[in-house]
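Please consult both while reading the points below.

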Amino acid sequence: MNISVNLVIGLCLVLLFVINGNLVSSNTASAVILNDNLTPPNIVYEEGLSLESLFRNNYGMENSETNPVVDDQTSSPEKEKESDKYVILMFDRGYDNIFTTAKPILDKYGFKASIFIACDYIENGKGMNWNQVRQLYLDGYDIQSHGSEHKRLTDVQSYDEIESIVSGGKECLEEHGFSPTVFQAPYNKGGDDPIIISTISKYFDLAFTGHSELMFLNCDGWEHFGYDKENYYGTTDCSPYFTDGTPTPTNKFGMKEWSHDREHSRINEKLKGDPHGPEVSHALFDKFVQVVNDQSYFNINGEINAIPILGYHEIEIGDSVSTSPELFESEMEYLYDNGFQVITIEDLGYDEIQERFNIKHVSA
């Protein structure tokens, strides 16, 4: 009788072991597939290093089997919110579909965005009206300046006119009850001109004058992390000038955004299909996923070093590089489902002593 009982128990243990083994194998396979989706093998940065290689080199994890993107994506939304993943959403110019199309989608997921207003777009053709801009502000959206008119500063011949565009953008918003502290140069141009930078600094605390997939809060992407040499070479903090007076490539007046429209244009050129068709939209969505997840390689153990700042213009299908409402909603749903913390420019602080950015509610 005892032999029979022991035999039954033994068979049960073997069966349980087999079942658990199959579950582990299944979970491992899912993680591998997910990792392939989030870390395309053709992403190669300076010196021929993949982003994963950069991560392992910078954090001494050459022998580690842990991939932070995989760990984050296979966890629950609650765990995701503890994974130091942040995103800032920003819109340029002030198109009316920011209010009529983008806002309902953002509100659905509880997200807010930073709106950079070019005053000549408001109440002019496809632009919002001031009541809509005011409603965005009352609903918790961040209102900042894109200039009095949307003119490329590097094409303006007179520095007096440059100052008029910069200062006029601030005055225009102040006249309508807003207090902008951040300026976005039209087309993000002018960051290599010391006079333009000096002019912006007279009226604003911070500014955007460039592009990169990630904004490093200490402006040290290349020097400390081997990331994006073109936009971060030589900078170890966010002070605006080198000792010789030339502007640093990334600084508090040279913040970087990832332009959704610019990426859309590149994909259109590569695929040469319907700019809002499934092939292009799928490729653009995949790039979006890669950009928002790349920060995982640099934000470790509560230390926030880099965040993506995502720039949009119009949410509609009338233009070949605008973002369709369907794609925009898919992107916002992805952020929501994966626990990203969506903040605004207003949530960024700047430490004048250390010359670096920080997220206000996160300890430095």
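The points that follow concern confidence, disulfides and helix packing.

The model is predicted. Its mean pLDDT is 83, and 76% of the residues reach at least 70. Two disulfides are found in a search of the whole structure. Among the helix pairs described here, helix 5 and helix 13 have axes 10 Å apart, while the axes of helix 12 and helix 13 come within 11 Å.

**Confidence**

- The pLDDT lies below 50 over residues 11-50, a stretch that has 30 contacts in the model beyond near neighbours in sequence.
- Residues 52-82 also have a pLDDT below 50, and this stretch has 59 contacts in the model beyond near neighbours in sequence.

**Disulfide Cys119–Cys172**

- Cys119 and Cys172 are joined by a disulfide, with an S to S distance of 2.1 Å.
- The torsion about the S-S bond of Cys119 and Cys172 is about -110°, so this disulfide is left-handed.
- Distant parts of the chain are linked by the pair, whose members are 53 residues apart. Cys119 sits in the loop between strand 2 (114-117) and helix 6, whereas Cys172 belongs to helix 7 (residues 159-175).

**Helix 5 with helix 6**

- Helix 5 (residues 96-109) and helix 6 (residues 130-138) have axes that come within 10 Å and cross at roughly 25°. Because angles under 35 degrees count as roughly parallel, helix 5 is roughly parallel to helix 6.
- The crossing of helix 5 past helix 6 is left-handed.
- Helix 5 contributes Phe99, Thr100 and Lys103 to the contact, and helix 6 contributes Gln132, Gln135 and Leu136.
- By class, the residues of the contact between helix 5 and helix 6 are two nonpolar, three polar and one charged.

**Helix 5 with helix 13**

- The axes of helix 5 and helix 13 are 10 Å apart, and the two helices pack at an angle of about 20°. Helix 5 is therefore roughly parallel to helix 13.
- Helix 5 passes helix 13 with a right-handed crossing.
- On the helix 5 side, the contact is made by Thr101, Ala102, Ile105, Leu106, Lys108 and Tyr109. On the helix 13 side, Pro325, Phe328, Glu329, Met332, Glu333 and Tyr336 take part.
- The residues of the contact between helix 5 and helix 13 comprise eight nonpolar, one polar and three charged.

**Helix 12 with helix 13**

- Helix 12 (residues 278-293) and helix 13 (residues 325-337) have axes that come within 11 Å and cross at roughly 30°. Helix 12 is therefore roughly parallel to helix 13.
- Helix 12 and helix 13 cross in a right-handed sense.
- Ser281, Leu284, Phe285, Phe288, Val289, Val292 and Asn293 of helix 12 make the contact with Leu327, Ser330, Glu331, Tyr334 and Leu335 of helix 13.
- Eight nonpolar, three polar and one charged residue form the contact of helix 12 with helix 13.

Technical notes: Residues numbered from 1 in each chain as written. Predicted model: local features only at pLDDT ≥ 70, side-chain atom pairs only at ≥ 80, totals over all residues. Heavy atoms only, no water. Axes fitted to C-alpha atoms, helices over the stretch in contact; angles between N-to-C directions. Helix = DSSP H or I, 4+ residues; strand = E, 2+ residues; numbered from the N terminus. Parallel < 35°, antiparallel > 145°, perpendicular 65-115°, else oblique. Left-handed = near helix turned anticlockwise from the far one by under 90°. Contact = heavy atoms within 4.5 Å. Nonpolar A, V, L, I, M, F, W, Y, C, P; charged D, E, K, R; others polar. pLDDT = per-residue confidence, 0-100. Disulfide = S-S within 2.5 Å.
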